[in-house]
Each structure stands twice: as C-alpha cells, then as structure tokens.
Amino acid sequence: GLPTLRNFTSPTKLLLGEVSDVYCGGQHTLAVANGEILAFGYNSYGQLGLGHKNNINNPEKIPLDGEIIAGSSGASSYHSVVATSKGFFCFGYNGNG
C-alpha cells in the first residue's frame with residue numbers, strides 16, 4: 001500500500017481515508033475505506049479483483065456492484081471474497097473449486 005518497493009522497519013501510515021475493515025491475504029490486502037473496497041499487493045491469480053494480474057503498490061478501488069457489507073468479506077493466500085448488498089463476489093485462484 002506504499003508507493004515504493006523498499007522494506008519498512010517501523011510503522012508507516014497509509015493514506016486510505018476512513019478505514020472501517022481490513023482483510024489480509026497471504027501477500028495482499030483489502031481495505032474498506034469511505035464505503036469503497038480497495039486492494040493492493042501480490043496479484044498473480046487476480047486475487048485483487050481488478051481485472052488483471054499485475055501486482056499493485058498503491059491501493060485501487062475494486063469495481064463491484066452494491067454497498068460493501070461490513071465484516072463479511074475475507075482474503076486468503078490466493079483468493080478474496082467480498083460481500084455487497086448485491087451478493088458475494090469471489091476472485092483469484094480457483095484450482096480447487
């Protein structure tokens with residue numbers, strides 16, 4: 001979630017706005033901020049839900065229909081699930097169904 005690839009050894013503030021939820025995957029993060037869900041990090045299986053497989057340093061909005069339902073989403077190593085008022089949206093690795 002930072003504009004550089006260097007490692008940080010002390011806490012560094014991300015400028016995301018008002019964050020209400022955070023979901024941590026193996027090497028990626030989803031954050032609900034200002035009513036939108038943002039994604040950043042490793043994306044080799046499309047687990048960021050952005051329509052491509054490029055790794056992302058700066059948080060980007062996931063284009064989803066409906067309002068995000070707080071506390072009802074999740075992230076694993078290579079996939080993510082987001083709950084909205086329009087249903088559940090899954091993206092990323094699907095090798096095991």
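In what order do the 3 strands of the open sheet lie, and is their pairing parallel or antiparallel? In this predicted model, the order is S5-S6-S7 and the pairing is antiparallel. Strands are DSSP runs (E, at least two residues) numbered from the N terminus, and two of them pair if DSSP finds at least two bridges between them. S6 and S7 run antiparallel and are joined by 6 bridges; His-79 stands opposite Gly-92 in S7. Residues are numbered from 1 along each chain as its sequence is written. Local features need pLDDT of at least 70 and side-chain atom pairs count only at pLDDT 80 or more, whereas totals for chains, interfaces and linings use all residues, and side-chain values use heavy atoms, with hydrogens and water left out.

The largest nonpolar core comprises 13 residues, of which Leu-30, Ile-37, Ile-62 and Val-82 touch the most other members. Such a core is a set of buried Ala, Val, Leu, Ile, Met, Phe, Trp, Tyr and Cys residues joined through side-chain atoms within 4.5 Å, where buried means under 20% relative accessible area (1.4 Å probe, protein chains only). Strands S2 (28–33) and S3 (36–41) each give two or more residues to this core, and S3 gives the most, with 3 residues. Beyond four places in sequence, the contacts of Leu-30 include Tyr-23, Ile-37, Ile-62, Ser-80 and Val-82, contact being defined as heavy atoms within 4.5 Å.

Technical notes
Helix = DSSP H or I, 4+ residues; strand = E, 2+ residues; numbered from the N terminus. Buried < 20%, exposed > 50% of the residue type's maximum accessible area, 1.4 Å probe, protein only.
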